[in-house]
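Let us walk through this structure step by step.

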Amino acid sequence: MNRKTVFLILFLSVAFLSGCYSQKELTDLAIISALGIDKNENGRYVVTFQIVNPGNVAGGQQVSGGAQGPPITAFSVTGDNLVEISRKATTRLSRKMYYAHANLLVISEKLAKTEGILKLIDAFDRDPEFRNTASIVISRDVKAADFVKTLTPVDKIPSNKVIKTLKFSEQRWGRILDVNLQDVMKSLISPGKGLVLSGFRLFGDRPLGKTMQNIQQTNPLVTIRADGLAVFKDGKLVDWIEGKNAGGTLWILNKIKATDVDILWKKEKDAISYQVTRQQTKVSASMKKGVPVMLVDVRAEGGIGAVKVPVNLNSPNVILAVERALEKEIQKEIQGAVQHAQKDKSDIFGFGEVVHRTDPAAWKKLKHDWNDAAFPKVKVKVKVDAFVRRSGLRNKPFLSNFEK
Amino acid sequence: MPSFFKRGKQVKNNPNKKDGINHNLPQPLNISLAVNLDFINQKTGNSSDIVIRTKKIGTHTQLTTAVLYVEGMVNEQSIQDFLIESMMNNSKDLNALGPQEALEKLAEDVVSLGHVTWVQEWDALFLSLMSGNTIILVDGVKKALNVSTKGGEKRAIEEPSSQVTVRGPRDGFTESLSTNTTLIRKRINSPNLWVESMQIGRVTNTKVAMVYVHGIANDKIVNEVRRRLKAIDIDSILESGYIEQLIEDQTSTTFPTLYHTERPDSVAGNLLEGRVAIIVDGTPFVLLAPAIFIQFFQAVEDYYARFDISTALRFLRILIFFISIIAPATFVAATTFHQEMIPTNLVIAIAAQRETVPFPAFVEAAMMEVTFEILREAGIRLPRAVGSAISIVGALVIGQAAVQAGIVTPAMVIIVSITAIANFATPSFAMAISARLIRFAFMVAAALFGFYGVILGLIMLILHLCGLRSFGVPYMTPIAPVIPAELGDTFIRVPWWALWRRPSFISSNRTRKGKNKHPQPPRSRGIVNTDMEQGDRNES
Amino acid sequence: MEKAKISSYQLFVLMFLFELGSALLVPLAMGAKQDAWIAILIGMVGGFFLFFIYLRLYFYYPDIPPTEYAQRIMGKWLGRCIAFFYILYFAYLAARVLRDFGEMLITFAYPETPLFITNTLFMLVVIYGVRKGIEVMARAGELLFVLMYLLAAVGFVLIVASGLIDLNNIKPILEEGIRPVVKTALTQTLFIPFGESVVFAMIFPYLNNPKKLKWTGLCALGLSGFNLAIAMAINISVLGVDLATRSQFPLLSTVQSISIAEFLERLDVFFMLALIINGFFKIGLFFYVTVTATASLFKIKKPSSLAYPLGIVTLLLSNTIASNFSEHLQEGLRQVPFILHLPFQVIIPLLLLIVAFFINRKKSSKQKNDIHR
């Protein structure tokens with residue numbers, strides 16, 4: 001009995017005397033949704049914080065106070081390193097900065113080109129609060145600050161908009177890539193794998209993007225658009241891959257979930273649109289005379305989306321011909337991407353890792369100068385198997401009767 | 001330190017001076033009726049509900065007799081019809097007899113009532129008198145006749161209010177011990193249903209019956225129950241809760257280690273699993289020992305419904321129990337310590353709600369929980385007609401108004417309501433109330449240390465539960481220690497045709513029924529009537 | 001020795017939870033890079049041999065704990081010394097594991113909370129458990145074992161469902177040959193966690209069915225070994241070798257990567273709590289053994305009364321064994337295996353076994369001679 005009492009007293013005193021150390025009330029937190037990192041003329045970092053204004057986001061019933069304010073607040077802080085900036089930012093804010101929900105990291109093109117991102121990553125990686133699943137994008141031609149401060153319609157929180165764009169565009173279009181912090185680190189550290197990040201641009205009159213005006217119109221004054229893939233080498237942005245080459249990159253990376261491939265048919269450009277619904281790419285390597293030869297084996301399945309020319313899709317032969325044409329087209333995209341990357345001397349496809357896995361001994365030799373010496377010389381064979389499984393609701397296009 | 005804690009225990013009870021009542025009355029009755037009646041009057045303080053009717057019987061000898069009973073405790077009709085009238089009618093037969101013989105004659109022939117015994121000592125006399133028997137005294141005899149005329153007002157058998165089922169018998173125990181044993185015996189028509197009666201409570205002399213099925217119940221447990229019941233030394237037993245608290249294995253726990261029920265079918269089922277029932281006169285709640293944790297999540301209906309449905313419901317109840325313990329604690333922990341766990345959109349929604357609330361989450365939660373407890377307690381104590389209405393309206397109004405006033409968040413109201421509803425849905429009230437109490441401890445732990453506090457609390461809770469025993473049976477059997485063969489009636493309930501053994505940790509006789517009693521319907525799929533006429537046409 | 005009996009299933013559960021304990025938490029066998037899982041499996045096989053040593057010793061003296069049979073084998077004075085050093089060893093390990101978990105909590109969820117506080121709370125629960133006795137802990141183990149496995153299954157499904165596993169990360173297998181893997185196995189995984197089953201030498205006498213002991217132990221070691229290997233393989237395949245090596249707590253980093261439908265994210269706190277259950281059993285068993293060994297060595301009748309004083313010692317020890325986490329980890333993975341684990345898990349038991357073998361042979365031959373005469 002005594003012991004129980006002692007135990008109870010001990011326990012309670014320990015509990016009550018020591019509790020609440022790490023407690024943080026929701027009302028004391030500034031929920032940061034995105035971070036933008038720039039470098040100013042003096043070579044100091046400028047970090048822009050996008051902070052959620054909960055009351056203006058959730059349409060709760062007790063949100064009073066007349067006009068709806070902006071869903072986010074954003075401000076920039078200058079400093080020499082990220083931790084300093086984070087602490088310094090508290091002078092601007094009434095609350096504790098809370099990074100756990102920051103799922104977007106915007107890095108300006110300028111910073112990525114001049115200094116690179118190697119030095120930035122550690123602070124995010126080390127902090128247990130920051131999620132390593134946060135996406136990273138490059139703001140093309142604009143300051144990250146402007147990017148982060150721009151309001152967006154539909155998705156009230158701009159970072160959500162960017163993340164969803166990344167996600168759905170990667171899935172449905174296949175020309176941009178959602179890369180998170182963890183992937184970035186993996187790519188940066190591995191000698192056999194280069195880094196690609198998606199770029200975003202701002203279109204329109206930039207200062208207006210920061211006003212509520214922007215989202216009170218059917219046609220927003222400033223829009224955020226995904227545009228291109230940034231190629232990194234040694235942590236620095238070296239080039240942009242755009243258009244079909246970007247598509248080819250995703251084909252090799254096995255990231256295409258659904259996309260559109262247009263083919264030439266009887267001299268008519270983009271005559272038949274092919275919708276990919278399933279895709280599988282296998283990359284294997286073999287060594288020939290000390291030079292790695294990569295085999296990219298692509299298998300695509302899908303259906304016909306639209307046809308501009310009269311073509312008899314009933315005939316298996318025609319389908320076969322379409323498939324051949326598709327294979328050629330995809331092959332072209334992929335080869336284009338490979339050439340681009342080889343020109344940039346950055347192995348963004350992870351060919352080096354494939355070599356590492358298949359021939360560790362050869363890799364040891366190639367490892368040290370992979371990107372600059374070996375990779376540009378790599379021969380890439382592309383083998384594509386495209387299948388047209390179905391052609392939608394109709395067989396022949398109505399054009400075939402129209403022209404008669 | 002020890003001396004400080006022990007100081008309270010210094011006063012030891014003196015067993016001889018317990019209540020000012022001298023129990024050592026092995027005194028025999030006096031030979032004189034007048035002296036006897038005087039003594040009775042003196043002993044009972046001339047209580048007005050004791051009816052003493054003196055009569056002279058026999059035409060010659062003029063024997064003076066007295067009929068005593070306590071008003072309201074007896075069946076007055078039968079006293080009138082079978083005792084007094086028949087004494088009057090048979091008056092002549094008693095003529096030539098002395099007092100002794102007359103009384104014997106009375107006992108043998110005259111009194112046409114069921115149970116007649118002799119009483120020679122005062123304490124026995126008082127005991128039977130007070131429990132509703134009628135005493136017949138004859139002048140000149142040192143013995144008295146004790147006629148069983150128990151009766152009086154009884155509540156009719158009603159549907160039990162605490163454990164309602166959709167399917168299942170509708171009768172419930174009443175306050176009368178004899179009715180209750182009857183209800184059990186009606187279900188178990190076996191000579192092996194043994195009832196052991198005893199009287200506990202020095203003042204109240206409450207009748208307590210220990211019921212078990214001989215041959216199924218484990219003798220060790222029966223003996224243990226008997227030993228503990230016999231060891232009880234208290235002035236009064238007014239409800240089975242007194243006994244529960246006096247015989248349980250461990251006192252410092254919020255968990256019930258004896259099962260109590262108002263349902264005869266539940267008791268019968270448990271007796272057939274080998275448990276011992278303790279019926280206390282004056283309460284419809286019957287105790288069952290030993291109790292195990294999982295038993296409190298088994299409703300009688302589980303055994304009547306199909307096994308798949310009962311299994312699903314049992315899982316639901318375990319979930320409910322967990323919700324009612326840790327839901328508010330989880331909410332407090334997640335919103336004050338681990339906001340990163342909450343999906344971004346949800347955290348923003350909750351944060352938006354919380355913007356206007358002036359209290360920390362824990363204070364808010366505690367406030368709402370306490371308010372709810374007040375409402376619930378009020379709902380129980382209020383007259384039945386208004387009770388439920390008040391509690392619902394109160395909760396709604398307070399919930400709604402508090403949200404609108406910006407004192408609590410809608411999310412918190414949802415959590416509190418879920419907890420409350422979950423608590424109501426626990427089939428056993430004793431378990432539910434224990435969850436109610438523990439919930440607050442978990443809330444405090446969550447407010448102080450977030451999920452770390454909650455998980456440490458859970459580990460302690462599980463250690464505590466695993467350390468409990470009920471009449472020597474570990475509380476968490478058959479889950480921990482796991483007895484694979486007994487798991488059929490725990491979280492899941494296997495169909496009756498597969499439940500062919502009794503729980504080994506309770507019963508000594510394990511075979512419930514034959515093996516392989518899987519229903520085997522005839523293979524014919526034809527229409528019954530045509531089959532009857534034309535034979536099994538569908539059988540090829 | 002308290003009067004308690006545990007079933008072989010309960011022993012299995014305790015051993016399993018114990019082995020997983022902190023091994024699931026720390027970057028185990030990271031010296032072997034992507035072949036960490038192989039190193040764990042090799043360590044497991046080595047663990048089997050160590051287990052047989054403890055088993056043989058137990059069969060020579062089935063009714064008494066090592067603290068007493070050490071005295072019978074080595075003589076009173078030396079035996080007592082050995083027993084005393086074992087007590088220190090167990091207490092030190094309890095403190096180590098406690099420190100591991102305290103550091104994890106602080107790193108992941110409670111950055112502002114002092115280590116002393118988290119450890120105190122944990123220790124209080126451990127003391128509570130130890131005071132309840134081995135039977136209660138075993139029963140709680142049975143319950144929590146199921147819970148752990150459910151959680152592990154959920155975690156596994158979530159990781160697979162979010163498409164994180166990239167088996168290419170654990171290739172090429174045996175890149176540098178088998179040597180670094182064996183080296184890691186022999187210097188690390190053999191001792192942590194498999195060799196740590198030496199504590200169970202103190203628990204074996206409680207067993208109600210010694211015949212099943214051999215298979216129980218092998219199953220528990222085997223299953224936990226496989227689970228650890230799978231967990232480590234998953235860690236590496238999700239995080240990649242580099243990140244896994246750099247992580248202080250790889251498993252939690254893996255769980256942190258789960259992101260499904262933008263709803264199930266940041267589950268690390270949740271799994272951290274699941275790990276605490278494992279940790280409870282590891283610390284609990286080390287501490288229980290410390291308490292009972294002390295009681296049996298110093299002939300204290302009520303071992304549970306030692307729980308508080310020894311608990312405070314362990315608590316203080318856990319705070320003072322290292323000044324920072326890196327130091328703590330380096331000690332644990334580099335120095336402790338040689339300075340402490342090697343003698344206490346291998347050399348002393350082996351020595352005891354050899355001496356016991358000769359003593360018992362002498363005895364039995366004496367008996368034979370007696371019969372012959």
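A:Arg278 and A:Glu301 form a salt bridge, with their closest N and O atoms 3.3 Å apart. A salt bridge here is a side-chain nitrogen of Lys or Arg within 4 Å of a carboxyl oxygen of Asp or Glu. A:Arg278 sits in strand β11 (residues 268-288) of chain A and A:Glu301 in strand β12 (residues 291-307) of chain A, so the pair ties together parts that are 23 residues apart in sequence. Strands (E, at least two residues) and helices (H or I, at least four residues) are DSSP runs, numbered from the N terminus. A:Glu301 counts as buried because its relative accessibility is 15%. Buried means under 20% relative accessible area, exposed over 50%, and partly exposed in between (1.4 Å probe, protein chains only).

A word on the model. It is predicted: local features need pLDDT of at least 70, side-chain atom pairs count only at pLDDT 80 or more, and totals for chains, interfaces and linings use all residues. Residues are numbered from 1 along each chain as its sequence is written, chains are lettered from A and ligands numbered from 1 in the order in which they are written, and side-chain values use heavy atoms, with hydrogens and water left out.

How many salt bridges are there over all chains? The count comes to 50. One of them joins B:Arg354 to B:Glu364, with the closest N and O atoms 2.3 Å apart. B:Arg354 belongs to helix α12 (residues 344-354) of chain B and B:Glu364 to helix α13 (residues 361-381) of chain B, so this pair ties together parts that are 10 residues apart in sequence. B:Arg354 is buried, at a relative accessible area of 2%. B:Glu364 is buried too, at 0%.

B:Arg354 also leads us to chain A. There, A:Glu25 forms a salt bridge with B:Arg354, and the closest N and O atoms are 3.5 Å apart. The rule finds 2 salt bridges across the interface of chain A and chain B. On the side of chain A that touches chain B, α1(A) gives the largest share, 9 residues. That side divides into 16 nonpolar, 12 polar and 5 charged residues. Ala, Val, Leu, Ile, Met, Phe, Trp, Tyr, Cys and Pro count as nonpolar, Asp, Glu, Lys and Arg as charged, and the others, Gly among them, as polar. The contact (heavy atoms within 4.5 Å) takes 33 residues from chain A and 33 residues from chain B.

Now move to chain B and chain C. Their contact takes 27 residues from chain B and 31 residues from chain C. The rule finds 1 salt bridge across this interface. B:Arg469 forms a salt bridge with C:Glu135, the closest N and O atoms lying 3.5 Å apart. Helix α16 (residues 429-467) of chain B gives the largest share of the side of chain B that touches chain C, 13 residues. This side of chain B holds 20 nonpolar, 5 polar and 2 charged residues.

Finish inside chain B. B:Ser266 lies in helix α9 (residues 264-272) of chain B. Is B:Ser266 buried or exposed? B:Ser266 counts as buried because its relative accessibility is 6%. Apart from neighbours within four places in sequence, B:Ser266 is in contact with B:Tyr259, B:Thr261, B:Leu288 and B:Val300.
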